[in-house]
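Open the model in your viewer and follow the stops below in order.

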Amino acid sequence: MENAAPRPKVALVTGAASGIGRATAELFAERGYTVAALDIAESPSSGSARIHPLLVDVADRDRVGAAVDEVAATHGGIDVVVNCAASFLARGVDVTPQEWDSVLRINVQGISNVVQAAHPHLARSEGAAVVNTASISAHVAQPQRWTYNTTKSAIVGLTRCMAMDLAADGIRVNSVSPGWIWTPEVAAAAADGGRERWEPVWGRFHLLRRLGEAAEVAAAIGFLCSPDASFITGVDLPVDGGYLAMGPEGLGDSSSFAGSA
Ligand SMILES: NC(=O)c1ccc[n+]([C@@H]2O[C@H](COP(=O)([O-])OP(=O)(O)OC[C@H]3O[C@@H](n4cnc5c(N)ncnc54)[C@H](O)[C@@H]3O)[C@@H](O)[C@H]2O)c1
């Protein structure tokens, strides 16, 4: 009897109903993966039969465990995990204990919950990889953002620790730090005037003078999960159009710029 064809690879993506997570789910589906698309929100129809939405709150450890095992049992394993789900809660000096609990549970423990549950499945996969979504906000101070920025810095540290512990099972773990990406969250902030008004303003935070697209972050995530990144683990990859490379002088063309130091 001939051997059965190998099963399609399986990617589990959180926050997959929208923005970067959705673009990532679509990218993996295009590459022939079966995609488990986890989110607390209903996913709009993707048009791809390879994408399987599942309603899951990443902060709910029991629900995550059950969903991850269900995905592995249904599709034969899990090869890739991409954590995009996040709370954008931005609070500063007025933050409440309840707000801290909520944002830490979703943004940091949520990733731990998913990777913990997926670990035995990833360990059985050849070339398994995890990508966590941090942010430029992990690396710089921004006003009134103790909560969001702290969780994003924590994700960079968590990624390194996961990379160390999971390397023994052949699992690579990296993070990406997107700059300003044109997603529903950013579009909502631009409600007064839209992209036409705000891209020229916010675009100047980046060397490339524009916002990024969700598909551009998905492409970097796809690379980190691919065999082309087989010797890359424990790193944070900025996908930020040069945001983090820029100094306080900005693009150097304002009237206050006096030349080189
Ligand atoms: N858009 C940007 O400019 C930007 C920049 C840097 C980093 N990021 C990061 O990229 C990731 C994706 O952001 P986005 O802009 O695509 O946002 P988005 O709002 O478009 O998507 C986030 C998704 O996460 C889901 N989600 C929220 N809480 C959840 C929970 N508890 N369990 C499961 N799903 C949950 C939401 O329902 C939503 O579908 C986030 O981690 C965000 O912090 C975004």
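**The pocket and its ligand**

Start with α5 (184-189): with 4 residues, α5 contributes the most to the lining of the largest pocket. Helices here are DSSP runs of H or I with at least four residues, strands are runs of E with at least two, and both are numbered from the N terminus. This is a predicted model, where local features need pLDDT of at least 70, side-chain atom pairs count only at pLDDT 80 or more, and totals for chains, interfaces and linings use all residues. Residues are numbered from 1 along each chain as its sequence is written, and side-chain values use heavy atoms, with hydrogens and water left out.

A pocket is an open set of points on a 1 Å grid over the protein atoms alone, where a 1.4 Å probe fits, with protein on both sides within 12 Å along at least five of seven lines; lining residues have an atom within 4 Å of a point. The largest pocket holds about 1000 Å³ of space, a volume filled by probe spheres set on the points. Select Ala-86, Phe-88, Tyr-148, Thr-183 and Glu-185, the closest to its centre of the 41 lining residues.

Around the ligand are 28 residues, of which Ser-18, Ile-20, Asp-39, Tyr-148 and Ile-181 come nearest (a residue is near if one of its heavy atoms lies within 4 Å).

Finally, look at polar contacts (pairs of N or O atoms within 3.5 Å). A side-chain N or O atom of Tyr-148 is 2.6 Å from a ligand oxygen, and a polar backbone atom of Ile-20 is 2.7 Å from a ligand oxygen.

Technical notes
Polar contact = N/O pair within 3.5 Å; in protein donor to acceptor, adjacent residues only side chain to side chain.
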